[in-house]
Amino acid sequence: MRIHRKRLEEAIETLGRIGATSNGGLTRLALSDEDKQARDQLVAWMQGAKLRVSVDRMGNIFGERPGAEALPPVMLGSHLDSVPTGGKYDGQLGVLCALEAISTLNDHGVRTRHPVTLVIFTNEEGARFQPAMLASGVMAGKIPLEDAYNARDRHGVRLVDELGRIGYLGAEPCVPRPMRAYLELHIEQGPVLEEEGLSVGVVEGIVAIAWSRLTLRGVQDHAGPTPMRIRRDALVAAADVVRAVRAIPAQVSPETVATVGRLEVSPNITNAIPGKILMSVDLRDPSDEYVTRALELLDRAVRDAAAREGVEYEIEHYWRVSPTRFDPGVVEAVERAAQAVGGGYRRILSGAGHDAQYMAALGPAGMIFVPSRNGRSHCEEEFTPMDDIEHGANTLLLAALDLAGTA
Ligand SMILES: [Zn+2]
């Protein structure tokens, strides 16, 4: 049994037009008019595939294909929202491959033991409402519903009001659901599969992540009359920290990554010595111990940089997630499926967070990666070749069938 390539390709094109940008990308922020249009399209397709459609209080959409027995479902899903000027593959490809897998089961009149349910999660990206993976976080009981409802976008608009406005404030409680398994196909967002000429990544888990917030306080003063010898420049200390952060991975492990992504300079004018800096540090590694080691190196680098420039500092390690290990049974089912499909594949770890991370707390979960051209994502250039998509979708189909069992 194989998916219908042409149908999937057409669905990718049709959905990709909703929120399309002039350079071939996508802007479809969570709960925007474009998101509503995309949701409506999916609901229509799900109804066309005879799925029982329901919506929960976070606007997550479910489409159930009943099983032969009263058993928990195999859930297949991803998200429809994008970042601003993002691409047409992140999220929506997982949703469409899941729908295609279910349609293929319909085409062949397959009766599975477990139901197979398509799930579309609200606000995965965190581009409009923070944090990311908000609705799967609520479902997993990690984020209170009230907090999610009160999340506001940059214009002060509340998430719950937008859910209501676009007609996706559902009645079903957003709580953990029993499930046989959760499977998510997603673009890799990194270069590994493409570099190795492979079509499919059998994802074993998601790396550990630690976020830190650093404040450096120097002495704000005039850029002219203040001699160099008495300066205490917060930005100079920050520059040392940026360099030091860049050097951390080489001292920890080949898989460690470290990023300063955000820098706020005060007062941020030409003729004043910067008095205060806020900066972010994002550290990731497959191992918790190595993340701890990286945090120690960060602390030391900050202390040294601050001492050299004579500035004060505060550092908060405010968010940390342990690595997610996907269920070995699901990983093996995906690997068997990839093998049966016949394209090149390898086991891989995800460096990015996904809804599957929260779902893994609720039951057996796993993911399937397909390549990202030049490793790029969250940009208009995001692209995955159709041959790889076909291999990925077939892997999803066969793994879902394996986990759902046939009646
Ligand atoms: Zn995504």
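Close-up 1. Asn268 is exposed, with a relative accessible area of 59% (exposed means over 50%, buried under 20%, partly exposed in between, with a 1.4 Å probe and protein chains only). The model is predicted: local features need pLDDT of at least 70, side-chain atom pairs count only at pLDDT 80 or more, and totals for chains, interfaces and linings use all residues. Residues are numbered from 1 along each chain as its sequence is written, and side-chain values use heavy atoms, with hydrogens and water left out. Asn268 sits in the loop between strand 10 and strand 11. Strands are DSSP runs of E with at least two residues, helices are runs of H or I with at least four, and both are numbered from the N terminus. Asn268 is not a glycine, yet its phi is positive, about 65°. Pro267 is found in the loop between strand 10 (263-266) and strand 11 (272-273). The peptide bond joining Ser266 and Pro267 is cis, with omega about 0°.

**Close-up 2. Lys50, with a positive phi.** Phi of Lys50 is near 65°, a positive value in a residue other than glycine. The loop between helix 2 (33-48) and strand 1 (52-55) holds Lys50. Lys50 counts as exposed because its relative accessibility is 71%.

**Close-up 3. Pro131 and Ala135.** Gln130 and Pro131 are linked by a cis peptide bond, with omega near 0°. Pro131 lies in the loop between strand 4 (116-121) and helix 4 (134-139). Ala135 is part of helix 4. Its relative accessible area is 0%, so Ala135 is buried. Leaving aside neighbours within four places in sequence, Ala135 is in contact with Met58, Asn60, Thr122 and Cys174 (contact means heavy atoms within 4.5 Å). Gly405 is 270 residues from Ala135 along the chain, and their C-alpha atoms are separated by 29 Å.

**Close-up 4. Glu162 in helix 6.** Helix 6 (residues 159-165) contains Glu162. Glu162 has a relative accessible area of 8%, so it is buried. Not counting residues up to four places away in sequence, Glu162 touches Leu31, Arg128, Phe129 and Val157.

**Close-up 5. Helix 10 against helix 12.** The axes of helix 10 (residues 328-341) and helix 12 (residues 386-404) come within 8 Å and cross at roughly 130°. Axes are lines fitted to C-alpha atoms, for helices over the stretch in contact, and angles run from 0 to 180 degrees between N-to-C directions. That angle makes helix 10 oblique to helix 12. Under 35 degrees counts as roughly parallel, over 145 as roughly antiparallel, 65 to 115 as roughly perpendicular, and the rest as oblique. On the helix 10 side, the contact includes Val330, Ala333, Val334 and Arg336. On the helix 12 side, it includes His391, Asn394, Leu398 and Asp402. The contact residues divide into 10 nonpolar, 3 polar and 2 charged. Here Ala, Val, Leu, Ile, Met, Phe, Trp, Tyr, Cys and Pro count as nonpolar, Asp, Glu, Lys and Arg as charged, and the others, Gly among them, as polar.

**Close-up 6. The nonpolar cores.** The largest nonpolar core has 95 residues. Such a core is a set of buried Ala, Val, Leu, Ile, Met, Phe, Trp, Tyr and Cys residues joined through side-chain atoms within 4.5 Å. Residues with the most contacts inside the largest core are Leu8, Met58, Leu76, Leu93, Leu159 and Tyr182. Helix 12 gives the most to this core, with 11 residues. A second, separate core of 26 residues includes Leu216, Val241, Leu298 and Ala305.
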